[in-house]
Amino acid sequence: GSMVMRIVNFERYLDWVDFEKLIFGGGALSFLEFGIGYGEPGPLDMAFLRLITEFGIIITFIILIFQFRLLTAMSKNNIHFFAILLALIVYSIFNEGIMALRSGHYFFAAAALAVSLNKNPIRK
């Protein structure tokens, strides 16, 4: 049922999106215009699709580049940070928990802790 809901949401996204929304996004919580869960407007459960829906391709690409640069700077000599990056990418394909209220706060608190404990300087 969960996978079917994701497929239906993706099909409804393709019906909803136009060129302007694809480039610039539809704004905060715009996924509620086409997302459905249990017969009601609901979350997409796909973080990348939610980012593209709300912010558009350009801003999403910029966000992902900054996150990638941050994590690669942190992981130069530490395979654990690379593993975290890979886990987040895979997790975000199937869930939007890093943007949800409670779990998102835990994620960004853990990311801030990881940055503060990192021995490699992020800026040179």
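Me: To begin, are W16 and F34 buried or exposed?
Reply: Both W16 and F34 are buried. Please keep in mind that this is a predicted model.

Me: How do the rings of W16 and F34 sit relative to each other?
Reply: W16 and F34 form a tilted aromatic pair, with 4.9 Å from centre to centre and 35 degrees between the planes.

Me: Which parts of the chain does that pair tie together?
Reply: W16 belongs to helix α1, whereas F34 is in the loop between α2 (19–24) and β1 (36–37), so the pair ties together parts that are 18 residues apart in sequence.

Me: How many aromatic pairs are there in the whole structure?
Reply: The search finds four. One of them joins Y13 and W16, which are tilted at 40 degrees between the planes, with 6.1 Å from centre to centre.

Me: Where do Y13 and W16 lie?
Reply: Both are in helix α1 (residues 2–16), three residues apart, which is about one turn of the helix.

Me: Why does Y13 count as buried?
Reply: Y13 counts as buried because its relative accessibility is 6%, under the 20% cut-off. For W16 the relative accessible area is 13%, so W16 is buried by that criterion too.

Me: Which residues do the ring pairs link into a cluster?
Reply: The cluster consists of F10, Y13, W16 and F34.

Me: And which residues make up the largest nonpolar core?
Reply: That core has seven residues: Y13, W16, F31, F34, L44, M46 and L49. As a general point, nonpolar side chains in soluble globular proteins tend to be buried together.

Me: What is L44 in contact with, leaving aside its neighbours within four places in sequence?
Reply: L44 is in contact with R6, N9, F31, F34, G35, L49, R50, T53 and E96.

Me: R50 is on that list. Which residue does R50 form a salt bridge with?
Reply: R50 forms a salt bridge with E54, and the closest N and O atoms are 3.1 Å apart. The count for the structure comes to one salt bridge.

Me: How are R50 and E54 placed in helix α3?
Reply: They are four residues apart in that helix, which means that about one helical turn separates them. Both R50 and E54 are buried.

Me: Staying in helix α3, is T60 buried or exposed?
Reply: T60, which is found in helix α3 (residues 47–74), counts as buried at 5% relative accessibility. Beyond its neighbours within four places in sequence, T60 is in contact with L51, I52 and F55.

Me: Moving on to L85, where is it placed?
Reply: L85 is in helix α4 (residues 79–94). It is buried, with a relative accessible area of 11%.

Me: What does L85 touch, not counting residues up to four places away in sequence?
Reply: L85 touches F68 and L71.

Me: What about E20, is it buried or exposed?
Reply: E20, in helix α2, counts as exposed at 57% relative accessibility.

Me: What is the overall pattern along the sequence?
Reply: The pattern reads α-α-β-β-α-α-α, which comes to five helices and two strands. Buried residues make up 31% of the 124 residues. Among contacts between residues at least 6 apart in sequence, 63% join residues at least 24 apart.

Me: Finally, where is confidence lowest, and where is it highest?
Reply: Confidence is lowest in helix α5 (residues 101–117), with a mean pLDDT of 71, and highest in α2, at 92. The protein averages a pLDDT of 78, and 81% of the residues score at least 70.

Terms used
Residues numbered from 1 in each chain as written. Predicted model: local features only at pLDDT ≥ 70, side-chain atom pairs only at ≥ 80, totals over all residues. Heavy atoms only, no water. Buried < 20%, exposed > 50% of the residue type's maximum accessible area, 1.4 Å probe, protein only. Contact = heavy atoms within 4.5 Å. Core = buried A, V, L, I, M, F, W, Y, C linked by side-chain atoms within 4.5 Å. Phe/Tyr/Trp six-rings, centres within 6.5 Å; stacked < 30°, edge-to-face > 60°. pLDDT = per-residue confidence, 0-100. Salt bridge = Lys/Arg side-chain N within 4 Å of Asp/Glu carboxyl O.
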